[in-house]
Amino acid sequence: MLLMLVSLLHCVPAAKACLQCDRRIRLLHEDFILSAPTVDDQIELKMICDQAYVTYKETSQERKGVIDPTTLYRARTDYQSEFDRFLKTKHTGSVTYEAIQIMEKGRKILEKHLNTFIGDGLCPNKCEYPVLAEEGGQALLNCFLSWHRLLLGKTEYHYSWAPGEPGAKKLNESDFRALVVTDDSSVVLNQLHVDEQGTYRCSLQNRNGFVFYRATFLLTVAPVPDQTHRPVITLPPLPHGDDQSPFQPTEALLVPVIAMVTALSLAASVGITAVLGLVISQMRAAGELSRRRKGRRAEQNTV
């Protein structure tokens with residue numbers, strides 16, 4: 001089974017994705033056929049043109065049947081220029097022979113542009129992209145190319161992963177673990193750990209498992225430098241059974257302390273009571289003396 005792009009195997013004029021399906025090329029050929037002097041020549045040229053379309057299709061299929069719009073445009077304009085020169089040239093030989101020559105030249109033009117596209121744009125054999133991320137960060141893996149939109153049928157992106165240092169050894173198919181199958185061409189890896197680095201692979205497949213395109217991402221995760229932490233100072237534990245330590249309030253030490261506090265409290269209470277009693281006695285004596293003085297003054301005033 002060969003890789004197919006829209007209209008390379010099934011011509012869809014609206015897509016214009018193959019040289020033999022392009023309307024301008026077909027009109028060019030039709031005008032050339034109608035210019036033949038006899039009906040027999042026209043029939044002969046029509047058969048040559050139809051056969052040329054078959055060779056164009058085979059040329060595409062032999063090169064995985066892939067062509068993007070830009071490559072198609074270059075092939076078409078190149079062929080149109082060559083065909084215009086052919087029409088302006090005076091031919092003395094057989095019309096059918098000249099037609100075969102120009103149609104073959106069109107096939108070679110298509111072949112040339114397809115080879116250029118496969119080498120520079122398709123990347124069918126080795127598409128490796130180094131990716132560098134920090135530990136705890138994220139990495140974006142995207143294997144989309146513009147011609148993916150033109151593929152026939154339902155396609156999906158299959159992502160897989162082979163752990164380990166990327167590029168350290170040759171990997172086999174059994175080394176890869178399936179990660180995700182998605183319609184999106186890209187995936188984002190979040191909160192990366194160092195042990196998640198490795199070789200990530202993306203393959204564009206149809207429902208039958210045929211691989212149209214494959215890309216490899218060599219992901220390296222750089223560890224975050226260790227941060228210097230100040231050590232926490234802890235006091236050494238007290239020796240076991242150290243009865244003389246002031247930090248171990250044993251029963252023998254607590255009893256005298258409680259007794260002393262109680263005695264001081266009682267002494268303070270007695271002292272406060274005595275002082276209050278003395279103050280009260282002095283206040284009573286002063287009041288009695290004041291009453292006596294007032295009584296004497298009253299007697300003197302009466303006399």
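Here are some notes on the helices, strands and nonpolar cores of this predicted model.

1. Start with helix α1, residues 23–34. Its twelve residues reach 16 Å from the first C-alpha to the last, close to the 16 Å expected at 1.5 Å a residue. Ile25, Leu28, His29, Phe32 and Ile33 are the buried ones. They sit on the same side of α1, because the arc they cover around the axis is only 135°. Turn to the other side of α1 and you find Arg23, Asp31 and Leu34 exposed.

2. Next comes α2, residues 39–62. This helix has 24 residues and reaches 35 Å between its first and last C-alpha, close to the 34 Å expected at 1.5 Å a residue. Its buried residues include Leu45, Ile48, Cys49 and Ala52. Tyr53, Thr55, Tyr56, Thr59 and Ser60 of α2 are buried too.

3. Helix α3 covers residues 69–88. With 20 residues at 1.5 Å each it should span 28 Å, and the end C-alpha atoms are 29 Å apart, which agrees. Thr71, Leu72, Ala75, Arg76, Tyr79, Glu82, Phe83 and Phe86 are buried in α3. Looking down the axis, these buried residues fall within an arc of 135°, so they line one face of the helix. Pro69 and Lys88 are exposed, on the face of α3 turned away from its buried side.

4. Now for the cores. The largest nonpolar core has 24 residues, and the members touching the most others are Leu141, Cys143, Tyr159, Phe217 and Leu219. At least two residues of this core come from each of β1 (128–134), β2 (139–142), β3 (155–163), β5 (186–189), β6 (198–206) and β7 (211–222). Strand β7 gives the most, with six residues. There's also a second, separate core of 21 residues, with Phe32, Ala36, Ile48 and Ile102 among them. Two of those names have come up already: Phe32 is one of the buried residues of α1, and Ile48 is one of the buried residues of α2.

5. Last, a look at β5. Strand β5 pairs with β2 in the antiparallel sense, over four bridges. In this pairing, Leu189 of β5 has Ala139 opposite.

Technical notes
Residues numbered from 1 in each chain as written. Predicted model: local features only at pLDDT ≥ 70, side-chain atom pairs only at ≥ 80, totals over all residues. Heavy atoms only, no water. Expected span 1.5 Å × (residues − 1). Buried < 20%, exposed > 50% of the residue type's maximum accessible area, 1.4 Å probe, protein only. Arc of directions from axis to C-beta. Core = buried A, V, L, I, M, F, W, Y, C linked by side-chain atoms within 4.5 Å. Pairing = 2+ DSSP bridges.
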